[in-house]
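Dear colleague,

I am passing on the structure below for you to look over. My notes on it follow directly after.

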Amino acid sequence: MIVPATGLANLISMTYILALDQGTTSSRAVLLGHDGRVHGSAQTPFKQIFPKPGWVEHDPVEIWSSQFGVAMEALAQANVNADSVAAIGITNQRETTLIWDRKTGEPVYNAIVWQDRRTSGFCDQLREEGHEPLIQDKTGLVIDAYFSASKIRWLLDNVPNVRARAQKGELAFGTVDSWLIWKLSGGDRHVTDVTNASRTMLFNLHTQQWDDELLALLDIPRALLPEVVGSSEVCAKAAGALQGVPVAGIAGDQQAALFGQMCMQPGMVKCTYGTGSFMLLNTGDKPVRSRNKLLTTIAWRIGGKVTYALEGSVFIAGAVVQWLRDELQIIRSAPEIEELAASVPDTAGVYVVPAFSGLGAPHWDQYARGAIVGLTRGANRAHIARAALEGIAFQIADIISAMESDSGVQLKELRVDGGASRNNLLMQIQADLLGCPVTRPANPETTVLGATYLAGLAVGYWPDEQTIAKQWAVDRRFIPALDEPTRRARQAGWTRALDRARNWETA
């Protein structure tokens, strides 16, 4: 059937894109229309499991049930059903690792979360054996427990019968996107997209394939692995309550945010302030190898064309605010930190290094631990709160410096998103420490927008990237107001504080 242009416009206006945003601490679903506005939204937290110090797990069944539940709730809010959904876009916490039975869909163990450090010793062994250059050349990643490969290896070696069953082809590995698509499709499709594949430490950036040499090195059966697809293409059809709706967009949460921030040109940078904080620099159609321990990763693949990025990861960002609330109890709610921190003009020399899970880029010290230094008798909870915000911003400034060195591009603007980007004081501190403007978009839903746009482009909901780029608008720009000598002095203090936190577990 040929639909006239006016009829197509009417059809589009009556349909929506359903974005599934499966995060580290909650599952979300957002129903968006052609103009990018939200028509239905639901979110629910799920349990964080900490079996041992440094171990972090999720229940795969709860991941699915919470995600499906909020999807149905978002549709109900808009008073529509699956017939009104043009496509599904998925964005997800990355690196988190699941293995399940291909016949029953039963997980063999809890999901091992990206924050989990149980495989640090195995990663040390790989490094000591001299494998890091090979792994970086092929994958763009450093050897670290952060990525999926060592988690897969742990499951194979430590859960009874898993290795034998994997070798027989009875089991499936997936990051969270794979698990959701498996469940959405009723077990019909076992896929992942290039952005998530590029975070496993098993995917070759140059061949765009799972790498046999790395699989052999890590003793991981190829039979476990999903098919790798593009970020914007129809890769599955939903079953059940969403029967027939195409799954057409997939991107790890940080790549989705880069796309949602419209950072489509080389040199454009975004930072997402969530549980952790993640910065991506678009490097165009060629992977840039980092000399400063940043990650080379895939930003997206659309129509067969790959766009690459440099990435720096801060493991603890918004989580330090949660720690102040839940453990130290110096604030009752996360938003309170802004008023408390603003009640003092500076930190009185206090520095908070929030290395609760080690240090990410560009330091990559998995044995670092959190520290508060510079305390005097006059230091109070407001100084600690302000120092915690500065601790987030200093980590970002370290990554920006490394990115500028690797890429040869000086940052002109940092586009920001995520929950903590709503903290005006933090954003001003960030601009001051970077010495460049920080821009917050009018629509804060950049991660779900990225997944939505990728799905919509695949099914013709939007005709091209230029059309969706027009939807991006500025909420507020934060202009640097700190003089250079003061900025340098604060940076020097931060460097000294970092030195106190390094290698704590082996000190």
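The notes below go from the chain as a whole to its cysteines.

Please keep in mind that this is a predicted model, in which local features need pLDDT of at least 70 and side-chain atom pairs count only at pLDDT 80 or more, while totals for chains, interfaces and linings use all residues. Residues are numbered from 1 along each chain as its sequence is written, and side-chain values use heavy atoms, with hydrogens and water left out.

The chain contains 17 helices and 23 strands, both being DSSP runs (H or I of at least four residues for helices, E of at least two for strands). Its radius of gyration is 22 Å, close to the 23 Å that the globule rule gives for 507 residues, so the chain is as compact as a globular protein of that length; the radius is taken over C-alpha atoms, and the rule is 2.2 Å times the number of residues to the power 0.38.

Of the 507 residues, 60% count as buried, that is, under 20% relative accessible area with a 1.4 Å probe and protein chains only. Among contacts (heavy atoms within 4.5 Å) with a separation of 6 or more, 72% come from residues 24 or more positions apart.

As for the cysteines, the structure holds zero disulfides, a disulfide being a pair of cysteine sulfur atoms within 2.5 Å. Cys263 is in no disulfide, and the nearest cysteine sulfur, that of Cys271, is 11 Å away. Cys263 is buried, with a relative accessible area of 0%, and Cys235 also counts as buried, at 5% relative accessibility.

Notes. Buried < 20%, exposed > 50% of the residue type's maximum accessible area, 1.4 Å probe, protein only.
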